[in-house]
Every structure is written in C-alpha cells, then in structure tokens.
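Good morning, everyone, and thank you for coming. Please have a look at the model on the screen, and I will then walk you through one part of it.

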Amino acid sequence: MSEFDKRTNIVSEEELLGQKRFAEKAGALLSSRYAEMPKACVVTYGCQQNVADSEKIKGILELIGYSFTDERTEAKLVIFNTCAVREHAEDRVFGNVGALKKYKLANPDVIIAVCGCMVQQKHIAEKFKKSYPFVDLVFGTHTVHRLPTLLYRTLTSKKRVFETPDIDGVIAEGVPVRRDDVSKAWLPIMYGCNNFCTYCIVPYVRGRERSRNEQDIINEFKQLVENGCKEIMLLGQNVNSYGKDLSPKVSFSQLLRDLNAIDGDFRIRFMTSHPKDCTKELIDTVASCEKVARHLHLPFQSGSNRVLKAMNRGYTREQYKELIDYARSVMGDELSVTSDIIVGFPGETYEDFCQTLSLVSEIKATSLFTFIYSPRKGTPAAEMDDPVPEREKSKWFKELTDLQEEISASQMELHKGKTYKCYVYGKGKLADNYVAARNDGDLIIEFEGDESLIGTFQTIKVIQPLTFVMRGELVKEKTV
C-alpha cells in the first residue's frame with residue numbers, strides 16, 4: 001500500500017518518485033520484450049471524474065512508453081475504467097470484458113485490467129477473481145497513482161494482481177495527464193463524498209471528501225490556460241463542499257473568484273453541485289464572474305419531500321425552488337438550469353411522482369438527466385421495499401420525458417434571434433458541413449462552418465430553435 005500523510009491523505013513525494021522509478025523499469029521491460037513499444041487501449045465508462053481518471057491512466061502509460069489505440073484487439077494492454085452508479089453500466093462492463101476472453105487465450109502476453117468504481121466493491125472484485133480468470137490486473141479508485149508498480153508486478157509475476165484497499169481515499173499530486181482534448185479540460189478539485197444518499201454507491205467506492213490544495217489547483221489551471229485551453233470543467237462529487245476540510249478553509253466561491261481573476265480568454269464550468277450546500281453566495285459569485293458559465297447543474301432527484309427524506313438528500317422541494325428562483329432573479333435569461341431525476345425510488349407512489357412532475361413544470365429546466373431507480377448492493381435503499389413494478393415505473397418515466405421535451409422546446413424558443421459567444425467543440429449532426437458549439441448556458445448550437453473552428457470561441461446567432469439543439473449562423477469569424 002502507498003505511503004501517504006494520514007492526516008491529510010496526501011501521497012508523499014517519496015511514493016510518487018518510487019512510482020516514476022517503476023514506470024522506468026516497466027518501460028525497459030517492455031522495450032526488451034517487443035521490437036516496437038506496444039499499444040494500450042483505455043475504455044472508460046461513467047462520469048466526468050472517470051474520464052479525468054482515465055486521462056491520468058493514459059498519462060502514466062505514456063510515461064512508461066505505451067502508444068494508444070481505440071481497437072481493443074490491437075492492444076497489448078486493455079484497461080476498463082468502470083462505473084458503479086447503475087446496474088446497466090456494470091452489465092456492459094462484464095459483457096465487454098468477457099468478449100476479450102478469446103483474444104486473451106490467443107494472445108497470452110496481452111494484459112487485461114479492470115479498475116475504477118465497480119471493482120472498489122468487494123463483491124464485484126471477487127466476481128472478477130472467480131469468474132474472469134483471464135483478467136490479470138484489478139485496481140480500485142484509490143490506487144491509480146500506483147499503476148506503474150501494479151503493472152510491473154503484472155508483467156513480472158505469473159500471479160494475478162488485485163489491489164482495492166478499503167480506505168477513505170488519497171490525493172496524489174503530480175501524476176502525469178494525457179488529455180484527450182487540448183482545448184477542453186477536466187480539472188478535479190476534490191474527490192469523494194460525505195453525503196450518503198441512500199441510493200448512491202459513490203461514498204463507498206470514492207471515499208470521503210478530500211479537497212486539493214487551492215494553490216495546486218490554481219497552478220494546474222494556469223498551465224492549462226497557457227497551453228491554450230478554452231473550457232475548463234471543475235470536477236467533484238459535490239463541488240459546493242470544496243475546501244471544508246482544508247486548513248485554513250477555502251470556499252468554492254472563493255476558488256471560483258480566484259480562478260476567474262487569472263488572465264486569459266477561457267470559460268469555467270463546474271459540476272456537480274448538491275442543493276443542500278448551494279448558497280446564495282455561490283450564485284452571486286457565478287453571476288459576478290464573467291468567465292464562469294451561467295449554467296447551474298443542480299440535481300433535485302425528486303419533487304416529493306417524503307421521498308427526498310427517504311433519499312437522505314438534506315433539503316426540501318421548497319428550499320430547492322427558492323434556490324432556483326434566486327438564481328434566476330440575479331442572472332435572468334442568461335441562466336441555464338439542468339438537473340437529475342430518479343424515477344421509481346423504493347416506496348415512491350404515483351402521488352409522489354406527480355409532485356416531481358409539478359416541480360419540473362415550475363423550474364423549467366433546459367434539460368434533465370432522468371433515470372429509473374437502479375438498486376446498488378450495499379446502499380440502504382437496496383434493502384427498502386420496492387412494490388412498484390418496472391413496467392409502471394417505465395410509464396412514469398415516459399410521462400416525465402414527454403413533459404420535459406415540451407418544456408425544453410419552449411425554453412429553446414426563448415433564444416431565437418439572440419447572439420452568444422460559443423465554444424466550438426466538435427462536428428455537428430444537423431448536416432455534414434455543420435460544427436457544434438456550446439454557449440455560456442451549456443446549450444448546443446450547430447452552424448455551418450469549417451472544422452478549423454473547433455477548439456475556438458465564436459460569435460453565433462440563433463436562427464432556429466429545435467428541441468434539444470439550436471441551429472445558428474456564424475456572425476463573425478474570431479478565432480482565438
């Protein structure tokens with residue numbers, strides 16, 4: 001197990017230097033075995049934090065000497081970075097790992113690894129140990145920085161390597177990162193969660209909340225801006241809790257103000273916010289910081305106070321509505337609100353669900369991320385009575401999505417004829433010659449334009465609102 005300061009859970013410099021030495025040893029070993037350095041394939045499931053973790057995994061593998069491929073059967077190392085939030089995601093992982101069994105049997109020198117949230121659950125790690133004997137390496141969420149050691153052990157030992165320590169989690173600074181997009185970046189500011197919502201596995205697999213030192217965040221942020229990054233997403237299971245564990249304490253609002261003051265042309269986004277920790281100070285900060293996006297992703301999960309209490313969410317629908325009303329009072333039409341909703345929580349009645357529908361109608365979110373409840377072994381909700389059949393929950397789900405589709409379309413109409421500074425992030429879907437961009441409120445606008453605009457800010461006028469996207473036109477070319 002790695003050495004770290006048990007007071008702060010910060011991995012020591014000595015440990016990190018040791019990992020660099022193991023990276024060199026692993027690289028030398030691979031160089032002696034292969035005429036050309038082998039390729040690695042990293043497959044990522046789940047949230048933005050998992051994507052950020054995969055970028056660290058790729059950074060470590062690049063340090064060792066691997067090149068990369070998206071084709072699993074071209075790789076000598078395949079790593080599945082997994083998600084445990086819903087059963088469907090886990091089933092996909094089991095299916096995709098199982099599909100590589102024949103490839104592994106035909107190529108015994110190939111290393112197959114599984115990491116991330118799934119395997120931090122003991123019963124899942126045990127399943128891989130017993131039922132997937134062709135999986136060579138399994139490591140949890142707290143040991144990504146130890147990948148050089150774990151990989152070296154896998155390369156030099158005939159034994160399979162499993163490392164999923166049950167700890168509160170660590171912070172490892174200075175781990176190399178290989179970013180998938182040089183103009184857009186994920187920047188974790190904290191890890192873990194203390195909320196223990198009764199349906200959620202995250203606190204069990206990600207550990208307790210632990211904030212990165214503010215200066216470390218600022219230094220990494222400045223480097224991203226100097227490298228030409230235009231959009232930077234601050235990540236945390238609950239960014240509103242940032243800094244509560246630091247001494248001296250630093251609030252998330254203060255961090256936003258300090259990052260906003262950095263010179264450069266960039267946009268700051270953040271997720272995810274928890275309503276119980278969302279303050280008027282934070283909303284005022286977003287409104288006053290010109291480089292912070294006017295987008296609030298604030299999951300409310302249910303509109304029923306009874307269900308919210310059973311979920312252990314720590315707020316009421318009235319408190320949530322007050323936050324949204326205040327945010328709109330200070331940001332007006334500039335503000336875009338998105339949220340998450342769980343349909344069919346154990347014990348939820350149709351009357352409870354109707355309260356969710358009424359809250360959806362009241363807040364008029366731009367879009368919603370909606371899910372039918374998925375039981376997670378080890379959480380309190382998994383032990384609750386759940387008498388409503390899946391087919392009934394599916395009917396509720398359709399009722400919700402139909403309502404939100406109408407609301408989304410009406411919200412989009414509010415933007416017709418307006419002009420926005422947008423970040424162009426990729427190819428569009430409306431036509432072959434279209435590119436796609438996001439405005440300050442995280443709304444997608446597609447317009448006719450050359451792919452050379454990708455990775456830049458452009459001024460776009462909305463000419464045709466659709467349901468979940470808008471058609472626009474380039475007002476002026478300003479490549480920055």
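**A sheet, a helix and a histidine**

Strand E15, which covers residues 336–343, pairs with E16 in the parallel sense over six bridges, where pairing requires that DSSP finds at least two bridges between two strands. This is a predicted model, in which local features need pLDDT of at least 70 and side-chain atom pairs count only at pLDDT 80 or more, while totals for chains, interfaces and linings use all residues. Residues are numbered from 1 along each chain as its sequence is written, and side-chain values use heavy atoms, with hydrogens and water left out.

Within this pair, isoleucine 341 stands opposite threonine 370 in E16. Both strands belong to an open sheet of three strands in the order E14-E15-E16, with parallel pairing. Because E14 (295–297) and E16 (367–372) each have a single partner strand, they stand at the edges, and one side of each is left without a neighbour in the sheet.

Which loop holds histidine 415? Its place is between helix H14 and strand E17 (419–427), and at 11% relative accessibility histidine 415 counts as buried (buried means under 20% relative accessible area, exposed over 50%, partly exposed in between, with a 1.4 Å probe and protein chains only). Leaving aside neighbours within four places in sequence, histidine 415 is in contact, meaning heavy atoms within 4.5 Å, with Tyr420, Leu443, Val462 and Met470.

Notes: Helix = DSSP H or I, 4+ residues; strand = E, 2+ residues; numbered from the N terminus.
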